[in-house]
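Please look over the sequence and the structure shown below before reading on.

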Amino acid sequence: MAKGHSFLSHKLHSLLGLFPIGLFLLFHLIANYQATHGAEAFNQTVSLIDRVPLILIVEFVFIYIPILFHAVYGLYIAFQAKQNVGNFSYFRNQMFLWQRLTGVITLIFIVWHVWSTRIAKAMGATVDFDMMANILSSPAMIVFYTIGIISTVFHFSNGLWSFLVHWGITVGPRSQRIATYLTMAVFVVVTYIGLRAMSAFIL
């Protein structure tokens, strides 16, 4: 029974990492990328998102609750799991280690980002281009956001590889090797989008 529960929890953890959390990450970074077209373009995008019906309920059901479960179970994995030395290559074991480390870093980054934007908005602040420019006016925040973005995208990209394995989509060594190249490409492209979007707020 315990093994079955753990199996289902692991499957759910993997699935939520891609749907909806991974999709939201891509949407969020692409929305932020609008800042590269100027403050007005970014503010219009934020305004459009805020006009989504029942936006708060949508955020809790499809973002906050999935992230909470993924984070809690992910921390359990990070501090309980052991590297699968006998099952995977040295490279994959290194990726497993980095997946755990970036999971912790990503959680810290997300908590801070939500606090400084969504919680700040609930307390009366306005989420717009000027808010992000003000946050990123500090060199320390630029470093923090750079690490946070790279960590989050790595966690998503490498998690995508794990998802394909755990759900039986990539079974053999050849398909897993191809998936490695594809997820590396995803990491490079999405990291560029995230960092390029961040740079647009640095005045």
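The model is predicted. Its largest nonpolar core has 29 residues. Those with the most contacts inside this core are Ala35, Phe42, Phe129, Met132, Leu136, Tyr145 and Phe201. At least two residues of the core come from each of helix 2, helix 3 (39-50), helix 5 (90-122), helix 6 (129-135), helix 7 (139-166) and helix 8 (173-200). Helix 7 gives the most, with 9 residues. Leaving aside residues up to four places away in sequence, Phe129 touches Ala35, Ala39, Phe42, Asn43, Ala200, Phe201 and Leu203.

Helix 2 comprises residues 21-33, which makes 13 residues. From its first C-alpha to its last, helix 2 reaches 18 Å, close to the 18 Å expected at 1.5 Å a residue. Its buried residues are Ile21, Gly22, Leu25, Leu29, Ala31 and Asn32.

Arg196 lies in helix 8. Because its relative accessible area is 33%, Arg196 counts as partly exposed. Not counting residues up to four places away in sequence, Arg196 touches Tyr33 and Thr36. Arg196 and Leu26 are 170 residues apart in sequence, and their C-alpha atoms are 14 Å apart in space.

On the surface, a nonpolar patch is formed by Val52, Leu54, Leu56, Ile57, Val58, Phe60, Val61, Phe62 and Ile65. Together these residues have about 840 Å² of accessible area. One of them, Phe60, is found in helix 4 (residues 55-80). With a relative accessible area of 44%, Phe60 is partly exposed.

How values were computed
Residues numbered from 1 in each chain as written. Predicted model: local features only at pLDDT ≥ 70, side-chain atom pairs only at ≥ 80, totals over all residues. Heavy atoms only, no water. Helix = DSSP H or I, 4+ residues; strand = E, 2+ residues; numbered from the N terminus. Expected span 1.5 Å × (residues − 1). Buried < 20%, exposed > 50% of the residue type's maximum accessible area, 1.4 Å probe, protein only. Patch = residues over 30% accessible without salt bridge, like charges linked within 9 Å, V, L, I, M, F, W, Y side chains within 5 Å. Areas by Shrake-Rupley, 256 points an atom, 1.4 Å probe, with all protein chains shown as cover. Salt bridge = Lys/Arg side-chain N within 4 Å of Asp/Glu carboxyl O. Core = buried A, V, L, I, M, F, W, Y, C linked by side-chain atoms within 4.5 Å. Contact = heavy atoms within 4.5 Å.
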